[in-house]
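Here are some notes to read with the model open beside you.

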Amino acid sequence: MKTKSIILIFLFSVALWLLVDLTFKFISVPLLFAPMRGIVGFVGYFILTCFLVNKYKENLLPSIILIVLLIGTSIFLLPYSLIHLPQQLVALVKLVSFLLGIFTGYVYSLIKTPTLRVVVVVMSLGYCIVYYLCIYPACFEYATR
């Protein structure tokens, strides 16, 4: 049962990565909305992590769920991005956004007090705003020089 759950969590992680990446590749996205891929991935992985930690916390340790999600998210994108730097700097920053979504969802699902949960959500929204306004444009400008 544990192995089946781990494989299922891994597949959920890869499926969300493919969904976010392929959706934005096949839809004609104006340059203004290009940073939204990282934000959508951040929110998607936040929600997926919260769901999976709450669903499988009786069968698996939350730290195992975290590790499987991190591996499933970065197994394809990380090696490719590192090999093709600096052209893939934007993809690497997008991956960091996905991984932060996983960490934030993990912390959110382990916190029990409502006040701290609100703080985590506000910090997440702050990160999304900074990502959209500062981080993505700077990386895009550097990668296209």
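1. Thr73 touches Ser13, Trp17, Tyr45, Leu95, Phe98, Leu99 and Ile102, leaving aside residues up to four places away in sequence; contact here means heavy atoms within 4.5 Å. Thr73 belongs to helix α3, which covers residues 62-83. Helices are DSSP runs of H or I with at least four residues, numbered from the N terminus.

2. A word on the source before going further. This is a predicted model, in which local features need pLDDT of at least 70 and side-chain atom pairs count only at pLDDT 80 or more, while totals for chains, interfaces and linings use all residues. Residues are numbered from 1 along each chain as its sequence is written, and side-chain values use heavy atoms, with hydrogens and water left out.

3. Is Thr73 buried or exposed? Thr73 is buried, since its relative accessible area is 0%. The cut-offs are under 20% relative accessible area for buried, over 50% for exposed, and partly exposed in between, with a 1.4 Å probe and protein chains only. A polar atom of the Thr73 side chain lies 2.8 Å from the backbone oxygen of Leu69.

4. Now for the way α3 meets α4. Their axes are 9 Å apart and pack at an angle of about 175°; axes are lines fitted to C-alpha atoms, for helices over the stretch in contact, and angles run from 0 to 180 degrees between N-to-C directions. The two helices α3 and α4 are therefore roughly antiparallel, a label given to angles over 145 degrees. On the α3 side the contact includes Pro62, Leu69, Thr73 and Leu82, and on the α4 side Leu95, Phe98, Leu99 and Ile102 are among the residues involved. By class, the α3 contact with α4 has 16 nonpolar, 4 polar and 1 charged residues. Here Ala, Val, Leu, Ile, Met, Phe, Trp, Tyr, Cys and Pro count as nonpolar, Asp, Glu, Lys and Arg as charged, and the others, Gly among them, as polar.

5. Which residues does Ser109 touch? Not counting residues up to four places away in sequence, Ser109 touches Thr49, Cys50, Val53, Asn54 and Arg117. Ser109 sits in α4, residues 89-110, and counts as buried at 3% relative accessibility. The side chain of Ser109 has a polar atom 3.1 Å from the backbone oxygen of Tyr106.

6. Next comes the pairing of α4 with α5. Helix α5 covers residues 114-143 and packs against α4 at an angle of about 175°, with the axes 10 Å apart. This makes α4 and α5 roughly antiparallel to each other. Ser109 and Leu89 are among the α4 residues in this contact, and Arg117, Cys139, Tyr142 and Ala143 are among those from α5. The α4 contact with α5 has 16 nonpolar, 4 polar and 2 charged residues.

7. Leu89 is part of α4. Setting aside residues up to four places away in sequence, Leu89 touches Cys139, Tyr142 and Ala143. Leu89 and Pro62 are 27 residues apart in sequence and 30 Å apart in space, C-alpha to C-alpha.

8. Finally, two residues further along the chain. Lys112 is in the loop between α4 and α5 and counts as exposed at 62% relative accessibility. The C-alpha atoms of Lys112 and Ile75 are separated by 31 Å. Val119 lies in α5 and is partly exposed, at 39% relative accessibility. Val119 and Tyr108 are 11 residues apart in sequence and 9.5 Å apart in space, C-alpha to C-alpha.

Methods: A polar contact is a pair of N or O atoms within 3.5 Å; within protein, one must be able to donate a hydrogen and the other to accept it, and residues adjacent in sequence count only if both atoms are side-chain atoms. Angles under 35 degrees count as roughly parallel, over 145 as roughly antiparallel, 65 to 115 as roughly perpendicular and the rest as oblique.
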